[in-house]
Amino acid sequence: MVLENRKGDKPIPDNLNEVLNNLQLLALQKAEGFGWKLKFVRRPLFQEVVPVITDPSGDKIGILERNGVINMHPDTKIRQ
């Protein structure tokens with residue numbers, strides 16, 4: 001995996017419990033039970049974090065919303 005270090009941050013922070021809220025962590029745990037994985041956490045300045053998950057094949061993405069819902073049709077553009 002190639003890391004793109006624009007700001008020197010890791011794609012997935014070590015302090016995930018401090019970055020995601022309890023509902024997002026619970027949704028992530030449930031999604032991982034179905035083979036989904038956290039791909040990265042987008043951390044735009046002065047905005048909410050955007051945790052991005054992918055399905056086991058890597059073909060589909062989802063965004064973990066603040067309320068714990070997985071948004072399967074995000075407006076977020078993801079580079080390949």
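## L16 and the nonpolar core

In this predicted model, L16 touches L25, L28, L38 and V41, leaving aside residues up to four places away in sequence. L16 also belongs to the largest nonpolar core, which has 12 residues.

The largest share, three residues, comes from α2.

## The sheet

Four strands form an open sheet. Their order is β1-β2-β3-β4, and the pairing is antiparallel. β1 and β4 (70-71) stand at the edges, each with a single partner strand, so one side of each has no neighbour in the sheet.

Strand β3 (residues 61-64) is joined to β4 by two bridges. Here L64 stands opposite I70 in β4.

## Salt bridges

The structure holds two salt bridges. Side chains of opposite charge can pair when their charged atoms come close.

K10 is partly exposed at 45% relative accessibility. D14 is exposed, with a relative accessible area of 68%.

E48 and R66 form a salt bridge too, with their closest N and O atoms 3.1 Å apart. This pair links distant parts of the chain, 18 residues apart. E48 sits in the loop between β1 and β2 (50-54), and R66 in the loop between β3 and β4. E48 is partly exposed at 48% relative accessible area. R66 is also partly exposed, at 40% relative accessibility.

Notes:
Residues numbered from 1 in each chain as written. Predicted model: local features only at pLDDT ≥ 70, side-chain atom pairs only at ≥ 80, totals over all residues. Heavy atoms only, no water. Core = buried A, V, L, I, M, F, W, Y, C linked by side-chain atoms within 4.5 Å. Buried < 20%, exposed > 50% of the residue type's maximum accessible area, 1.4 Å probe, protein only. Contact = heavy atoms within 4.5 Å. Pairing = 2+ DSSP bridges. Salt bridge = Lys/Arg side-chain N within 4 Å of Asp/Glu carboxyl O.
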